[in-house]
Amino acid sequence: MPRPTKFRRVEFFPENTYFVPWGKHKCEIEEIVLKVEELEAMRLKDIEELNQEECAKRMQVSRQTFQNIIDSARKKIATAIVEGKAININGGNYTRN
């Protein structure tokens, strides 16, 4: 039986949570759900430019868990851009601090 997922610490929640490619209507395209903790991982690593250990500490997860979270986030973003899908930032296992 797998362990229950721990809540990840998130410091930022965006005002805009839905992004649609230019010229397409929301009802016409497939969407990808980006979890709130995946967005936070990208923000810490790519915008704040923290190293992996610092990011993991801020989110209160192990380095391996952080790596899994950011790998998933980057794959989802790349897929949305390449395939022209909408991005819906929603859900996940997180707590706001």
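Ala80 counts as buried because its relative accessibility is 3%, where buried means under 20% relative accessible area, exposed over 50% and partly exposed in between (1.4 Å probe, protein chains only). The structure is a predicted model, in which local features need pLDDT of at least 70 and side-chain atom pairs count only at pLDDT 80 or more, whereas totals for chains, interfaces and linings use all residues. Residues are numbered from 1 along each chain as its sequence is written, and side-chain values use heavy atoms, with hydrogens and water left out.

Ala80 belongs to helix α3, which spans residues 63–83; helices (H or I, at least four residues) and strands (E, at least two) are DSSP runs, numbered from the N terminus. The C-alpha atoms of Ala80 and Arg63, which are 17 residues apart along the chain, are separated by 26 Å. When neighbours within four places in sequence are set aside, Ala80 is in contact (heavy atoms within 4.5 Å) with Ile32, Lys85 and Ile87.

In helix α2 (residues 52–59), the residues Cys55, Ala56 and Met59 are buried. They lie on the same side of α2, because they cover an arc of only 100° around the axis, the arc being that of the directions from the helix axis to the C-beta atoms. An α-helix has 3.6 residues a turn, so residues three or four places apart point the same way. The cover over the buried residues of α2 includes β1, α1 (36–47) and α3. At the N-terminal end, α2 is capped by Asn51, a side-chain oxygen of which lies 3.0 Å from the backbone nitrogen of Glu53, and just after the helix Gln60 takes a positive phi of about 60°.

Not counting residues up to four places away in sequence, Met59 touches Arg8, Arg9, Glu37, Glu40, Ala41, Leu44, Phe66 and Ile69. Arg8, in strand β1 (residues 8–10), counts as buried because its relative accessibility is 13%. Beyond its neighbours within four places in sequence, the contacts of Arg8 include Met59, Val61, Thr65 and Tyr94.

In soluble globular proteins, nonpolar side chains tend to be buried together.

Key:
A polar contact is a pair of N or O atoms within 3.5 Å; within protein, one must be able to donate a hydrogen and the other to accept it, and residues adjacent in sequence count only if both atoms are side-chain atoms.
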